[in-house]
Each structure stands twice: as structure tokens, then as C-alpha cells.
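Take a short walk through this structure. Have the sequence and the 3D view at hand.

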Amino acid sequence: MKSDIELINSEGKRSDGRGPHDLRKIKIEAGVLHRADGSCYLEWGGNKVLAAVYGPREAVPRHTQNPLKAIVQARYNMAAFSVEDRKRPGPDRRSVEISKVISEALEKVVLTEQFPRASIDVSIEVLDAEAGTRCAGLTAAGVALVDAGIPMRDIPVACAAGKINGQVVLDLGKEEDNFGDADLPVAISPRTGEVLLLQMDGHLTFDEFNQAFDLALKGCHSVSEIQKKAIMQKYQSAAVEVQE
Amino acid sequence: MTIVPIIKRDYITKLAEQGKRIDGRTFDQYRNIDIETKVVNKAEGSARVKIGYTQVLVGVKIDLGEPFPDSPNMGVLSTAAELIPMASPDFESGPPREDAIELARVVDRGVRESQVVDVEKLVITPGEKVWIVFIDIHILDYDGNLFDAASLGALAALSTTIIPAKRFSEQLPEEYPKEDFPLPMSEPPISCTAVKINDFVLFDPCFDEEIIADVRLTVATDHKGDIRAMQKGLSGSFTRDEIQKVIKGALDNGQEIRKKLYQSIGK
């Protein structure tokens, strides 16, 4: 959707004061829930997301079991109160699709072959939404999987880039998402650079795509550092407790 | 009952005979309660309540709509609860089951019948247009006693709710004020829950106590010390004396919890 709204001014300042290559503020905390095997709370700009992991446990119903490896089932859900107009509780077509692409992204990094017939269940709850919830959810899920001790090849991480007023920028905010020209969420395995999730809507030229893609990768690597810090912090405090 | 709860039941009753509980509390003592309000920006009112490890997030959304035909001079209250799979390995996704519906209805009754929300002040045009208050209860972590956590969360969230008249100004009649205003509220009743295991009455059951409990009773009391709502659950039974014991405990604990609620909403 093209629009006349000025989302970025001539000096390259965006409506929330960020430069074109700046992320919103991100805060990650690992191990916030008691019952879950692993969990993570994440704030990304105005997004507040909680992820929990259960498993590996027996996959039910039985016909979903794979005799050779575990299945990874992510469930992305938005709280009724997380958006401007109340959302009806329960899955809609959008959340079912997002659940599917996140499940597939996570399955690539989990060592599923170690747990035949099992299910690794990831529950992602969006408590407060402000553009970019699927990236926030996947990033939180990555930390929750580590917290649950699930063996993985890498910690998956996601970040979006996009285009506003004809200019390629990192990590779209609410207005930029609504009135911008394009949105490109990307998830990667940061160690290898493999792409785990890729979606795009809007309009980009080939050159703009390359620019946006590189920018999103850079964003992913920055977010990955914050993920690792959150995990280190949890286990450092645990180590201190053991020493005492 | 599977094997683990049978072993736990043995352990919990043996402790109870010595006057003890698994987490070191006395029989009528609550776990630590923590209330945080205004935690969701998109919601018109919100609160996160922790009772021990149990964690509940309640959000209030406000919308415009029609009143029910039998109550043209009242706004509409709607309460829903989701026992999301995040909160417990036993919760599954899908439409709400009996547990979630009972929880939502008990909270709803506590809010509705106690008239804690002044629904008559939510009327814009009688019989045509009123404010609708949606209370959505999100269970994040389940370690027992959801009834108390959910109703406390609902009250805290409602107490911080702002009616967004400005945002809806285009859909409001000309003479109706367009300034945001706080949801009109009166003194809230506080819910307290106890369970019975053998002959022992334990307040604020944690998960291990709750799954082996014979019977449960929730009592909501108001600031004057009157009873405003009750709900008995599970297949066991109470004697008259035990019910009175629960009511007394609910009154004492209710006073303490009310203070915490007032503190959290700055009253």
C-alpha cells in the first residue's frame, strides 16, 4: 500500500526517532514460567511475547507420531486484548499459518532424530502486539527451546526488514507496517546463515530485495547476541546459586 | 487416579496430620501474592497476578454495541477464560472445556452479581448503544488456585480500565462527552478458595494439593464482611462446620488481599 504519510524524513529519521538501520528496543528473559520445561519472555518495541516449551513427550494423537523423528508443534496465539479491536479468542487463519511456518523453521534446527515418536510443543502467546510478532515469537521460542534443554544445531532467530517511503529500513514499527511499501520477515540459523523462514508482502525491486535481505540478516545477528546474553544470564545466576 | 498423585496424597495427608503443608505454610495461609497493573498497552485495562507460582494475565477491552433486549439500561459485561497449553502440560488447545467455562463463569458472577462495575453508567443511548466490557483471562502458569488468581486479576484490571470515548468519538451521539473516563467501579468483593483433603481444610491450594483434593469451596466476601458469591466444586462434600470455617478464613484472608489490591491500583 502506497501512502503519502511521511514515515521517514529527509534526514533519515523515522517516526519513532530511529535511523533506517536501527532495531527497536529488545529485552529477553529466559526461564520465567514454573510449570513449562522451558520458557522465555521477550519485549520487542511494543510487542510483549511469552514462549513455553513442553517435551520431548509422547506425540498425541498417535497418528501424528513419526517413527523416525520427533515432530515440532508450535502454536502461535494472540491474546484477545493484545490488539486495538478485541480479537476473538482461538485460532484464526492467520495464526494457523504463522504457527505452521514457525513450526517448520524450528524443526530444521532441533535434533529431531534423537526423539522418535515424540512431540516438542512450543506455545507462543502474544500478549501485546505492535508489528513484527512472528519474528518476536520465533526469537522467544528459540530461547525457550534452549531453556528446556532441547538439543539443537543452533539457536534460531528472526528479524524483519522492509521499505517505507521508497527506502529500505530495518524492523518495521506499527505505522511503518500499516502504511509502508514492503515487509520482509526472515529467520535464520545464525551460525550457518541458513534461512529458516522467509515471507514477503508488498513491492520490492531485485536490488531492493537484496538490500532488505542483507539488512534483515544483520538484524538477526544483533538479536542473536541478545538471545545469547539472556541465556547466559539465567545459567550464570544458577551457577552462582550452586557455588553458594 | 494415576500412581504419582496417590503417593503425593499419602505424603500430603501425613504432613497435614502434623499440622504442616508441603511448602511450609499453615492451613489458612496464602502464598505470596504479587499484583502488577497496566502491563498491556493495547488493552484498556490489564493486570498480572501471581499467587505463588500461579500466574494469570487479565486484559480488559472496551467496545461499542447493543444492550441485551431484557436490560436496555445496562452496559454489557463478558468474561472469557483461556487455559492455554503454555500453562500446564495437561492443558490442550481448542475450544474452552468445562474447566475454563466454570472458571470464567465464577469470575463473571463475582464481578456481575456484586455490581462492582456500575453497568448503568455504561449506557449511551438506552436500548440502542452501550459500552461492552470484555474481560479476557489468560492463564500463563498453573500451580493451583486459578479461581482466586483470575478473580483478583479481573478486579485489578477493571480497576485500571479507561473507557476510550475519544477513540470512538465518531460513533458516539453528539451530546455524549468525548473525553476518556475511568470505568465506574464500587467496592470489590474478594474471592478466597479452600480445599478439603481427608478432614483437613487448606486455603489457597497449590497444584499438588488441588489435584488430590476431595472438594473445593470458593467464597467471595465484601469490605463489610458480607458474603457475595460462593461456588463448591469437585465430587466430595463439606459439613456445616467446615463451611463456616471456610467462610471465616475467607473473611480474614479477604481483608489482607483487599489491602494488596488497593495498593496495586493506588487506592
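Two strands pair if DSSP finds at least two bridges between them. Keep that in mind for the strands below. One caution belongs here too: this is a predicted model.

Start with a hairpin in chain A. Its strands are S8(A) and S9(A), with four residues between them. Gly193(A) in this hairpin takes a positive phi near 80°. Strand S9 of chain A covers residues 194-198. It pairs with S8(A) in the antiparallel sense, over four bridges. One link to find is Ala187(A), whose bridge partner in S9(A) is Leu197(A).

Now follow S8(A) itself, residues 182-189 of chain A. How many of its eight residues are buried? Seven are, so the strand is mostly covered. Strand S6 of chain A, residues 157-164, pairs with S8(A) over seven bridges, in the antiparallel sense. Here Ala158(A) has Ala187(A) as its bridge partner in S8(A). Ala187(A) is also the bridge partner of Leu197(A) in S9(A). Strand S10 of chain A, residues 201-202, pairs with S8(A) too, antiparallel and over two bridges. Asp183(A) finds its bridge partner there in Asp201(A).

Is Val195(A) buried or partly exposed? It counts as partly exposed, because it has 16 C-beta neighbours inside 10 Å. Leaving aside its neighbours within four places in sequence, Val195(A) is in contact with Val186(A) and Ile188(A). Look also for Lys108(A), which is 87 residues away along the chain. The C-alpha atoms of Val195(A) and Lys108(A) are separated by 9.8 Å.

Next comes an open sheet, also in chain A. Five strands form it, in the order S1-S2-S3-S5-S4, and their pairing is mixed. Strand S1 (26-30) and strand S4 (71-78) of chain A stand at the edges. Each has a single partner strand, so one side of each is left without a neighbour in the sheet. Direction ignored, neighbouring strands of this sheet are turned by 15° against each other on average. Strand S3 of chain A spans residues 47-58, and strand S5 of chain A spans residues 118-128. The two run antiparallel and are joined by nine bridges. Glu58(A) has Ala118(A) as its bridge partner in S5(A).

Turn to the helices. Helix H2 of chain A takes up residues 133-147, and helix H4 of chain A takes up residues 206-243. They pack at an angle of about 30°, with their axes 10 Å apart. That angle makes H2(A) roughly parallel to H4(A). Their crossing is right-handed. Which residues of H2(A) meet H4(A)? They are Thr139(A), Gly142(A), Val143(A), Val146(A) and Asp147(A). H4(A) meets them with Val223(A), Gln227(A), Ala230(A), Ile231(A) and Lys234(A). By class, this contact has five nonpolar, three polar and two charged residues.

Finally, step across to chain B. 28 residues of chain B are in contact with 26 residues of chain A. Three strands of chain B give two or more residues to the side that touches chain A: S3 (54-65), S4 (76-82) and S6 (129-141). The residues on that side of chain B divide into 15 nonpolar, six polar and seven charged.

Terms used: Residues are numbered from 1 along each chain as its sequence is written. Chains are lettered from A and ligands numbered from 1 in the order in which they are written. This is a predicted model: local features need pLDDT of at least 70, side-chain atom pairs count only at pLDDT 80 or more; totals for chains, interfaces and linings use all residues. Axes are lines fitted to C-alpha atoms, for helices over the stretch in contact, and angles run from 0 to 180 degrees between N-to-C directions. Angles under 35 degrees count as roughly parallel, over 145 as roughly antiparallel, 65 to 115 as roughly perpendicular and the rest as oblique. A crossing is left-handed if the near helix is turned anticlockwise from the far one by less than a right angle, and right-handed if clockwise. Two residues are in contact if their C-beta atoms, placed from the backbone, lie within 7 Å. Ala, Val, Leu, Ile, Met, Phe, Trp, Tyr, Cys and Pro count as nonpolar, Asp, Glu, Lys and Arg as charged, and the others, Gly among them, as polar. A residue is buried if 20 or more other C-beta atoms lie within 10 Å of its own, exposed if 12 or fewer, and partly exposed in between; C-beta atoms are placed from the backbone.
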